[in-house]
Amino acid sequence: MNRLKREQPPVFPVKRVRIPEAGSFELNNGIPVFLIEAGTEEIMRIEFTFKAGQIKEYLPLLSSTTNMMLSEGSQNYSSEELNRQLDFYGSFFNLSVDKDRAGIVLFILNKHIDKVLELSREILFRPVFPESELNSLMRKRLRWFMLNREKVQNLASDKFFESIFGINHPYGHQVIEKDFEKIIPAYLIDFHSKYYTPDNMAIIISGKLHKKTMELLNYYFGDVPVKKRYKEGREKLLKGEKKKRVHINKPGAVQSAIRIGSSTINKRHPDYTGLKILDSLLGGYFSSRLMKNIREDKGYTYGISSSVSSLDLKGYKVISTEVSKKNCQKTIDEIYNEIRVLQKVPVEKEEMAVVRNYISGEMIRMFDGPFALAESFKSAWEFGLDNSYYYSLAEKIKTIEPDEITELARTYYNIDELYEITAGTK
Amino acid sequence: MVNFKKFALDNGLRVLVHEDRSTPLVALNLLYDVGSRDEDPSMTGLAHLFEHLMFGGSVNIPDYDLPLQMAGGENNAFTNNDFTNYYLTIPAENIETGFWLESDRMLELDFSQKNLDTQKNVVVEEFKQRYLNQPYGDALLQMRPLAYKIHPYRWSTIGMDTSHIENADLEQVKNFFFSHYAPNNAILALTGNITSNLALRLSKKWFGPIEKRYVKLRKLPAEPPQKEERRLTIEKDVPSTALYKVWHIGPRKSKDFYTLDLITDLLAGGESGRLNTKLVREKKIFSEINAYITSDIDPGLIIVQGKLMKGINIEYAEESVNEVIGSLQNSNGIKDEMEKVKNKFESASVFSNTSILNKAINLSFNELLGKPELINQEVDEYRKVTLEMVIEAIRRYFIPSNCSTIYYKSTRKDK
């Protein structure tokens, strides 16, 4: 046998991702349903999503508590019975709430769909918010809250959102200990009746679908009554705080947490796809500039990353890391340094090629299998976008030039406008 | 059903392939049969540090990540007590790049002092971030030497102390590589959009020329049976007091494994587990409580850990845990609960096997146990567990003399 030359085998350009179009129809009461047929197993992921996130709350903790209390007892089942039955049918469910939306995601075996949909209807539309369950949930949550206040990552992140979105805006306001005493069932009932309604929601289903699936959905959810839409007051102003650099003292912390970033454009803006690519170069993957410099060259940290995220009203970008106190300032200086380099020096062709191919591979992973497909569908749909958003991202990955990266870095990473939050020992 | 084929190369490398045409990707998993249990007690944390070094370039490839990303791939790795596992996913058309990368670092690493120094720092920061700078982060680090006196499970994968990592030198690192990283000490699994023919051809091409290496036979000291209960109290500035209890169990391959795993699910699987229902929801003794079994290959542990609600006496909390465990012996309603837990295992297995990466890791691990077909049989193993087996296991394992307990007490006034 000839001696093998250990040279890199030919690399083929990553194929353009193929995204199946979601089907859609409406239930009798107008609830939109999106269907994504995928996968080989007899399973489904069903997401019920409502515009019922933090943005809608008039009291801190209201949206998350309403969401977490959904499975704590309904008209026909106690909390214990609901949980026992969902477990019994081998389903997994996640209640979730974020800044804009709230809802539930269920993973189910197709053979139990009938029963699980019946239980979901109880959870979503017939919750009773019993006081004793609420009290014990709030006691538990207070404990978790106190625990999280011990972690420098959380201290820095909470302060970061408060700083970039404003102390009084629902995107930014911080929870305090006293907030846990204020929540009573009446608020939850009110919040639920306003926002967990057919005209404020959608159902996204993916997996191996059957004709019966649609019939069952209509049977269980098609007659949920549509109420008169709740008229909202004017939205609060989104405005960052004046103070750009904040340190939170946490005596005894072994590491300091750093968050650097600001609010920015969201997915609806034409520059967003380019900003995503810039963000990857800076700190979005293993061979990014920040990882190479701060972890792989200097060994200051276990991990450093940057990310750009979209919210309904705005987006935000943030660079996050935890480092030893003695390396904290050096790390911050290096972060700004890397940003300055991206603003001044055009990215070399080779590095552009790596990031192009890496993100192209990521895009294939984003659409691989029923669960990933549903998540990607939702994260375009909730901004009123469709697959053309992903196709324009794919196009941008192929065509973006180094000059455009430099330009984007100047426009969106103006160092004077960035917030710098640290948490750790003084 | 996960259909797979198995081959062995002349150099001892075992290869498992599962074809799944529904994805455009391939997952490649390479498991090395070396973990923290194979470390010298004076050099703990080396297996995990070594995992970091594997990304610092190999003999023909100066940078591992760059060409992988260039081919649209993504990768990561983890180390535990028993083995070290490297994996990547990549678009099918570029799978050969994965073979090229993984075989080169099995062939030989490019050991550099600079890379070693950097990764030592990175791992020390990881130690701090995950264990030292988190409330209760060190609890299980302290539990190990309480539960194990002799067996290397007495230290955790991150190591006994950061100084062991800081002291590692290039010579030790090289020795570690050549005595554990070898085709005859590894398992390769490929899942996804790849045929077994192609997988075999590429395995032979890239891994075939790597020569068999001498791997020292594993001779680990057996942990003697625990004779009396062990206790430790830690006092720290944490928000609330926590309770940790562990019991010794048999090895991963013992017949009791599935019974014991099922017991931990009766106790803490899902919202409706007994510990949660009784002690969190009804009695409000704990704010959260969990029970699980370590999947260690040598005799492992059952772990119960919970955080107490304000003002609860820890002895009372501990007693309540014992009571709930004991209650599993009363047959009231337990049949339904067992059925529930078994259904949950079945669906967890179905959901886990929707991911090609999970399938690749599961196949490799089951091959390490010597039974790759377990990937399709485990649900039945759980189905076979009877109430009598549960009762017998509780009486045998959950006894005070087999137990180690940590009271992790909060020093705050308002605890």
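User: How many helices and strands does chain B have?
Analyst: Chain B has 15 helices and 11 strands. Keep in mind that this is a predicted model.

User: What does chain B span along its principal axes?
Analyst: The C-alpha trace of chain B spans about 60 × 45 × 35 Å.

User: What radius of gyration does chain B have, and what would a compact globule have?
Analyst: Chain B has 23 Å. A compact globule with 415 residues would be near 22 Å, so the two agree.

User: What share of chain B is buried?
Analyst: Buried residues make up 52% of its 415 residues.

User: And the contacts in chain B, how far apart in sequence are the residues they join?
Analyst: Take the contacts between residues at least 6 apart in sequence. Of these, 79% join residues at least 24 apart.

User: Which domains is chain B divided into?
Analyst: Domain 1 covers 5-206, and domain 2 covers 230-410. The C-alpha centres of the two domains lie 28 Å apart.

User: How many residues does each domain of chain B give to the contact?
Analyst: Domain 1 of chain B gives 33 residues, and domain 2 of chain B gives 27 residues. On the domain 1 side, the elements that give two or more residues are β2 (14-19), β3 (25-32), β5 (84-91), α5 (139-147) and β6 (186-192) of chain B. That side has 17 nonpolar, 10 polar and six charged residues.

User: Switching to helix α1 of chain B. Is it mostly covered or mostly open?
Analyst: Mostly covered. Helix α1 of chain B runs over residues 46-53, and eight of its eight residues are buried. They are B:L46, B:A47, B:H48, B:L49, B:F50, B:E51, B:H52 and B:L53.

User: What do the buried residues of α1(B) pack against?
Analyst: They pack against two strands, β4 (74-79) and β5 of chain B. They also pack against helices α4 (113-132), α6 (162-166) and α7 (170-180) of chain B.

User: Now sheets. In what order do the five strands of the open sheet in chain B come?
Analyst: The order is β7-β11-β8-β10-β9, and the pairing is mixed. The edge strands are β7 (230-236) and β9 (286-293) of chain B, each of which pairs on one side only.

User: By how much are neighbouring strands of this sheet turned against each other?
Analyst: By 10° on average, direction ignored.

User: Which helix packs on the sheet?
Analyst: Helix α9 of chain B, residues 257-268, packs there. It touches β9 and β10 (301-308) of chain B. The direction of α9(B) makes about 165° with that of β9(B).

User: How many bridges join β8 to β11 in chain B?
Analyst: Six bridges join strand β8 (residues 242-248) to strand β11 (residues 403-410) of chain B, and the two run antiparallel. Within this pair, B:A242 stands opposite B:Y408.

User: On to chain A. Is strand β10 of chain A mostly covered or mostly open?
Analyst: Strand β10 of chain A, residues 315-324, is mostly covered. Of its 10 residues, 10 are buried.

User: Over how many bridges does β8(A) pair with β10(A)?
Analyst: Strand β8 of chain A (residues 255-264) pairs with β10(A) over 10 bridges, in the antiparallel sense. One pair of bridge partners is A:Q255 and A:S324.

User: And how many bridges join β9(A) to β10(A)?
Analyst: Eight bridges join strand β9 of chain A (residues 301-310) to β10(A), and these strands run antiparallel. There, A:S309 has A:Y316 as its bridge partner. A hairpin through four residues joins β9(A) to β10(A).

User: Which residues are buried in α10(A)?
Analyst: A:R289, A:L290, A:M291, A:I294 and A:R295 are buried in α10(A). Their cover includes α9 (272-284), β9, β10 and α11 (328-344) of chain A, together with α4 of chain B.

User: Last topic, chain A against chain B. How many residues does the contact take from each?
Analyst: The contact takes 55 residues from chain A and 55 residues from chain B. On the chain A side, α12(A) gives the most, with eight residues. By class, that side has 23 nonpolar, 15 polar and 17 charged residues.

Key:
Residues numbered from 1 in each chain as written. Chains lettered and ligands numbered in written order. Predicted model: local features only at pLDDT ≥ 70, side-chain atom pairs only at ≥ 80, totals over all residues. Buried ≥ 20, exposed ≤ 12 C-beta atoms within 10 Å, placed from the backbone. Pairing = 2+ DSSP bridges. Contact = placed C-beta atoms within 7 Å. Nonpolar A, V, L, I, M, F, W, Y, C, P; charged D, E, K, R; others polar. Axes fitted to C-alpha atoms, helices over the stretch in contact; angles between N-to-C directions. Domains from an automatic or database assignment. Rg over C-alpha atoms; globule rule 2.2 N^0.38 Å.
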